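Here is a friendly walk through one model, with the sheets taken in turn and a few single residues along the way. Have a look at the sequence and the structure first, then read on.

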Amino acid sequence: MLLRLRISLPDRPGALGQVTRVLGVAGADIIQLVVLERGEGRAVDDLTVYWPDSAPRDALAQGLEGVPGVVVEGVWSTREAPGTYPELEILKYITAAGDRALATLIDSMPVLFSADWAAAATEKVPRTVLHASWRAPEDVPFPSITPVRPEAHTLPSGLHIVAAPLPPLALTFLLARAEGPPFHRIEVHRLTRILEIFLTLPAIERGVARGFRGSHAG
């Protein structure tokens, strides 16, 4: 299976080499590494690895934390296929999706951000859910007030979320992750850019309006 690991480590020569050696000995095959931040002598990295289904994740985390200065912030499952700029592929599909553009966006975001589910609903309370991905709960925990810009929070239940406005559509977007660490500011920035591009695509507003009318026709 594919796992995502978020680690904090000393930003010095050889530190990452120690991490990769531990992963190799444990049986993990590294297929992608993304540096989320660097500063004050520390770095935060996201690594995507192939990991044997039968092997316990705890052993992987314990091995990494045996490396001096390494802190494991999260180990969780991911469905994101490694590659270069996968969001460009998703935006290509959205462009051709017609009235299903919003649904395509929502169904794609959990995969792109190694999250569990996503949903969108009207800003007006009581909210009407326009679309939710297949793992979303029946009662989606939308915030009482839509933020003016995308914001990451961890709910009392432990669920990590990013809530974001879709201003021209008067909708609230929610992305959620139960496993792993809270959404990093780089992930929030990446989501912000994707949503900005989505909202500039031709006919998105008209398509969403038609989809909304269709969902209430029955």
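Predicted model: local features only at pLDDT ≥ 70, side-chain atom pairs only at ≥ 80, totals over all residues.

Helices (H or I, at least four residues) and strands (E, at least two) are DSSP runs, numbered from the N terminus. Residues are numbered from 1 along each chain as its sequence is written, and side-chain values use heavy atoms, with hydrogens and water left out.

**The sheet of E1 to E4**

Two strands pair if DSSP finds at least two bridges between them. Four strands make an open sheet with antiparallel pairing, in the order E2-E3-E1-E4. Its edges are strand E2 (29–39) and strand E4 (71–77), each of which pairs on one side only. On average, neighbouring strands here are turned by 15° against each other, direction ignored; axes are lines fitted to C-alpha atoms, for helices over the stretch in contact, and angles run from 0 to 180 degrees between N-to-C directions.

Helix H1 (residues 15–26) packs on this sheet and touches E1, E2 and E3, where contact means heavy atoms within 4.5 Å. The direction of H1 makes about 145° with that of E1. Within the sheet, strand E1 (residues 2–10) and strand E3 (residues 42–50) run antiparallel and are joined by nine bridges. One place to look is Pro 10, whose bridge partner in E3 is Arg 42.

In the model, the end C-alpha atoms of residues 4–79 lie 9 Å apart, and the span is 28% helix and 45% strand.

**The sheet of E5 to E9**

Another open sheet has five strands in the order E6-E5-E9-E8-E7, again with antiparallel pairing.

Strand E8 (residues 160–166) is mostly covered: seven of its seven residues are buried, meaning under 20% relative accessible area, while exposed is over 50% and partly exposed lies in between (1.4 Å probe, protein chains only). His 160, Val 162, Ala 164 and Leu 166 point one way from E8, whereas Ile 161, Ala 163 and Pro 165 point the other way.

E7 and E8 are paired antiparallel over four bridges, and seven bridges join E8 to strand E9 (residues 171–177), also antiparallel. Strand E5 (residues 117–122) runs antiparallel to E6, with three bridges between them. Some bridge partners from this sheet are listed here.

| Residue | Partner |
|---|---|
| Ala 152 | Val 162 in E8 |
| Ile 161 | Ala 176 in E9 |
| Val 162 | Leu 175 in E9 |

The hairpins are worth a look too. Between E7 and E8 there are five residues, and Gly 158 takes a positive phi near 95° in that hairpin. The hairpin of E8 and E9 has four residues between the strands, and there Ala 170 takes a positive phi near 55°. E5 is joined to E6 by a hairpin through six residues.

**Single residues**

Back to Ser 133: is this residue buried or exposed? Ser 133 is buried, with a relative accessible area of 7%. Not counting residues up to four places away in sequence, Ser 133 touches Ile 106, Asp 107, Pro 110, Trp 117 and Ala 118.

Leu 88, in helix H3 (residues 86–95), is exposed, with a relative accessible area of 53%. Leu 88 and Ile 194 are 106 residues apart in sequence and 9.1 Å apart in space, C-alpha to C-alpha.

Finally, Arg 177 lies over the face of Phe 183, at 4.1 Å from the ring centre, and Arg 190 lies over the face of Phe 113, at 4.9 Å from the ring centre. A charge sits over a ring if NZ of Lys or CZ of Arg is within 6 Å of the ring centre and within 35 degrees of the ring normal.
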